[in-house]
Amino acid sequence: MFEAARAALQALLEQPIDEADARHALGELAGVRSLVEALEVKLTAVIARRGDASAAVRGATRCSQREADRRAARSQTITELPALGASLAQGRTTAEHGDVLARAVDATSAAAVAASDLLDRAEQRPPDLLARDVRSFIRTLATDDGAEERQRRQQAMRSCSLFRGDNGMWVLHAELDEINGVAVRTALDRAATSLFHTDGGRGVAADRRTPTQRRADALVAMLTPTGGACRDTVATASPPSVRNQMIIVVTDDGSWVAGSETRLAPSEVERLARGSDLYGLVLSAEGDPLWLGRRRRMASDGQWRALIVRDGGCVICGARPARCEAHHLEHWQRQQNGPTDIDNLALLCSHHHHQLHDKGLRLYRTSDGWQLRAPP
């Protein structure tokens with residue numbers, strides 16, 4: 001059925017390609033991939049009529065069970081959203097966009113997603129930033145009763161297992177409810193950030209261990225009195241330039257939103273208040289001192305919380321605030337005189353912050369959003 005297409009691709013694979021042609025071919029290939037993914041969705045939907053689509057996909061493609069489940073769920077979502085299928089076939093979206101929108105369908109309904117602007121956003125934004133829009137969409141539609149029911153369901157489903165993987169490594173898998181999940185992630189981020197600075201910080205830490213290795217070592221240090229095989233000291237607090245706090249926001253419709261952007265039930269807020277400091281923040285012209293000039297380099301607590309409310313996470317990739325740092329658009333160094341003002345600050349994850357400084361790039365706000373590029 002696909003002999004001609006396979007022969008054409010094989011011919012391209014065997015011929016030499018220069019850099020200019022490679023860049024053009026990558027763009028063309030993205031459109032071909034979207035068309036192939038749309039066809040795969042159609043074929044999976046046909047198979048699903050006779051039984052377990054996931055098992056059929058796994059048998060036909062020899063993919064993992066997890067990937068088979070993902071493809072089956074993707075097919076179901078696109079079947080329920082024909083406009084998404086058409087967009088995928090025309091190369092305006094990707095299968096990854098479909099996976100993100102599937103979360104919105106699971107949490108609300110296909111009709112609610114179809115009536116929203118999420119598909120238009122999918123055609124304009126990469127999947128990681130679309131995920132932020134989906135979380136906001138789910139939060140907006142959630143009800144207090146739904147939040148309470150979600151809390152009860154999540155607590156009933158909590159689990160943790162530790163087993164040896166096929167490669168001899170130990171695998172720790174845990175499923176936690178919203179509050180405990182955010183609390184554990186916050187603590188792990190804080191410990192990993194401390195290790196980052198113990199390793200020497202920007203420009204040095206990368207030579208010692210990768211970010212994922214650092215998180216693994218931080219987890220062992222948190223769970224064991226001696227720190228296991230990792231003998232590096234984990235500092236008890238993060239440096240002032242990085243704030244790993246759990247932020248609770250009250251939106252204009254009265255809903256509570258945690259750092260994961262999931263709406264909280266009132267009982268969950270009460271539960272948080274027993275062991276956490278809950279901060280309030282009012283954004284107004286005469287409110288919190290968000291404009292500090294050049295009296296200090298580091299963002300204040302008030303500025304940090306305002307950045308979380310305004311940016312939501314890394315302005316480039318959408319990484320959560322706990323992984324971010326406050327970046328000066330006009331650098332603070334004296335020869336550039338960039339002030340520590342809210343208008344001159346933006347959240348950047350550690351990766352993009354390092355990339356900016358290491359490669360001499362600048363952060364610009366454009367009509368298409370934030371971009372990293374060389375200065376003019």
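Of the 376 residues in the protein chain, 36% count as buried, buried meaning under 20% relative accessible area, exposed over 50%, and partly exposed in between (1.4 Å probe, protein chains only). The model is predicted: local features need pLDDT of at least 70, side-chain atom pairs count only at pLDDT 80 or more, and totals for chains, interfaces and linings use all residues. Residues are numbered from 1 along each chain as its sequence is written, and side-chain values use heavy atoms, with hydrogens and water left out.

The protein chain has 15 helices and 9 strands; these are DSSP runs numbered from the N terminus, helices being H or I with at least four residues and strands E with at least two. The chain exposes about 22,200 Å², of which carbon and sulfur atoms supply 54%, as computed by the Shrake-Rupley method with a 1.4 Å probe, only the protein chains shown counting as cover for residues. Among contacts (heavy atoms within 4.5 Å) between residues at least 6 apart in sequence, 59% join residues at least 24 apart.

The largest nonpolar core holds 22 residues, of which Cys314 and Leu363 touch the most other members. Such a core is a set of buried Ala, Val, Leu, Ile, Met, Phe, Trp, Tyr and Cys residues joined through side-chain atoms within 4.5 Å. Two or more residues each come from helix 14 (301-311), strand 6 (324-328) and strand 7 (345-349), and strand 7 gives the largest share, 5 residues. Apart from this core lies another, of 18 residues, including Ile78, Leu101, Val113 and Val134.

Cys314 is buried, at 0% relative accessibility. Beyond its neighbours within four places in sequence, Cys314 is in contact with Arg132, Ala319, Cys324, Leu347, Leu348, Cys349 and His352. The closest cysteine sulfur to that of Cys314 belongs to Cys317, at 3.7 Å, too far for a bond. The whole structure contains 0 disulfides, a disulfide being a pair of cysteine sulfur atoms within 2.5 Å.

A search of the whole structure finds 16 salt bridges, each defined as a side-chain nitrogen of Lys or Arg within 4 Å of a carboxyl oxygen of Asp or Glu. Arg74 and Asp99 form one of these, at 2.9 Å from N to O. Arg74 lies in helix 4 (residues 65-80) and Asp99 in helix 6 (residues 95-107), so the pair ties together parts 25 residues apart in sequence. Both Arg74 and Asp99 are buried. Another salt bridge joins Asp189 and Arg320, with the closest N and O atoms 3.3 Å apart. Asp189 is in helix 11 (residues 178-198) and Arg320 in the loop between helix 14 and strand 6, so this pair ties together parts that are 131 residues apart in sequence. Asp189 is buried at 3% relative accessible area, whereas Arg320 is partly exposed at 22%.

A network of salt bridges links Asp199, Arg208, Arg209, Arg214 and Asp217. Within it, the closest N and O atoms of Arg209 and Asp217 are 2.7 Å apart. Arg209 is buried, with a relative accessible area of 7%, while Asp217 is partly exposed at 23%. Arg214, in helix 12 (residues 211-223), is buried with a relative accessible area of 7%. Not counting residues up to four places away in sequence, Arg214 touches Ala192, Leu195, Phe196, Asp199, Ala205, Ala206 and Arg209.
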